[in-house]
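Reader: I have a structure open and want to learn how to read it. Where do we begin?

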Amino acid sequence: MARSFDDTTRRNIAELCAAFTRLPSEAVAGLKRAAVAIALTEAEAGGGATFLLTRRAATLRSHAAQWALPGGRCDHGETQAQAALRELHEELGVALDEGDVLGLLDDYPTRSGYLITPVVVWVSTSADLMPNSAEVASVHHVALDDIERENAFSFTTIPESTRRVIRFRHAGQHIHAPTAALIYQFAELLAGRNTRVAELEQPVFAWR
């Protein structure tokens, strides 16, 4: 049964976030702070709970046309939650405040030089999404049921690393880490498990 987008689901996920034991958040030499939003919202047809996933614009200088959660680099003096909310507004036109934040997951270090903090937020507004075409090629609603399926995630290896590469299958394509790793940890949280993902590898094309 699909998770309804209602106060019960919001409360349940908020409780899971509160119970999640986050690894200590520490600056890592050479890595720049960034934050992304796991933005929970209602399915376009109504009823079920989803999160927002974007396809980055092909004209961007880095990670062009890749799948991503809304987010970006933290500005000076911003908390991770503030950065995620700002980026969500800049990319998709969704205006929230810190009262809509349900919790933070573990930081994920990327090969391209960022330390990403996933921020779980509840999008209670019913306003239409307004994607910024300079940054976002398309925006997608992914049902929570889709990431809770037994075969939603798979793992493979690459010659360049001894670490497992994680993949999330969506819309007939494989979405890789860092995005897949962050979604995987959120799926594990929904199942009541504290699963670490920092050691999950990214494909070589995401290292740059």
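Reader: What span should the 13 residues of helix α2 have, and how far apart are its end C-alpha atoms?

Author: Keep in mind that this is a predicted model. Helix α2 covers residues 80–92. At 1.5 Å a residue, its 13 residues should span 18 Å, and the end C-alpha atoms are 18 Å apart, which agrees.

Reader: How many of the 13 residues of α2 are buried?

Author: Count those under 20% relative accessible area. In α2, 10 of the 13 residues are buried, so the helix is largely enclosed by the rest of the structure. Among them are A81, A83, A84, L85, L88 and L92. The list also includes Q80, R86, E87 and E91.

Reader: Which strands do the buried residues of α2 pack against?

Author: They pack against β1 (32–42), β2 (49–56), β4 (71–73), β5 (101–104), β7 (114–122) and β8 (136–143). Just after α2, look at G93: its phi is positive, about 75°.

Reader: Now α1. Which of its residues are buried?

Author: Start with the general idea. An α-helix has 3.6 residues a turn, so residues three or four places apart point the same way. In α1 (residues 7–19), the buried residues are T9, I13 and C17. They cover an arc of only 70° around the axis, which puts them on the same side of α1. On the other side, D7, A18 and A19 are exposed.

Reader: What covers the buried residues of α1?

Author: The cover includes the strands β1, β2, β5 and β7. It also includes the helices α3 (144–148) and α4. The length check works for α1 too: its 13 residues should span 18 Å, and the end C-alpha atoms are 18 Å apart, which agrees.

Reader: On to sheets. In what order do the three strands of the open sheet lie, and is the pairing parallel or antiparallel?

Author: Strands of a sheet pair through backbone hydrogen bonds, either parallel or antiparallel. Here the order is β9-β10-β11, and the pairing is antiparallel. The edge strands, β9 (153–156) and β11 (173–176), each pair on one side only. From one strand to the next, the twist averages 40°.

Reader: How many bridges join β10 to β11?

Author: Four bridges join β10 (residues 165–170) to β11. Within this pair, F168 stands opposite I175 of β11. The hairpin has two residues between the strands, and A171 takes a positive phi near 55° there.

Reader: H170 is in strand β10. Is H170 buried or exposed?

Author: Use the cut-off again: buried means under 20%. H170 is at 13% relative accessibility, so H170 counts as buried. Leaving out residues up to four places away in sequence, H170 touches L53, W67, H140, V142 and I175.

Reader: Which helix lies across β9, β10 and β11?

Author: Helix α4 (residues 179–190) does, running at about 80° to β10. T179 has its place in this helix.

Reader: Why does T179 count as buried?

Author: T179 counts as buried because its relative accessibility is 8%. Setting aside neighbours within four places in sequence, T179 is in contact with L53, W67, A68 and L69.

Reader: Which backbone oxygen does the side chain of T179 reach?

Author: The side chain of T179 reaches the backbone oxygen of W67, at 3.3 Å. W67 is also one of the residues that H170 touches.

Key. Residues numbered from 1 in each chain as written. Heavy atoms only, no water. Pairing = 2+ DSSP bridges. Axes fitted to C-alpha atoms, helices over the stretch in contact; angles between N-to-C directions. Contact = heavy atoms within 4.5 Å. Expected span 1.5 Å × (residues − 1). Buried < 20%, exposed > 50% of the residue type's maximum accessible area, 1.4 Å probe, protein only. Polar contact = N/O pair within 3.5 Å; in protein donor to acceptor, adjacent residues only side chain to side chain. Arc of directions from axis to C-beta.
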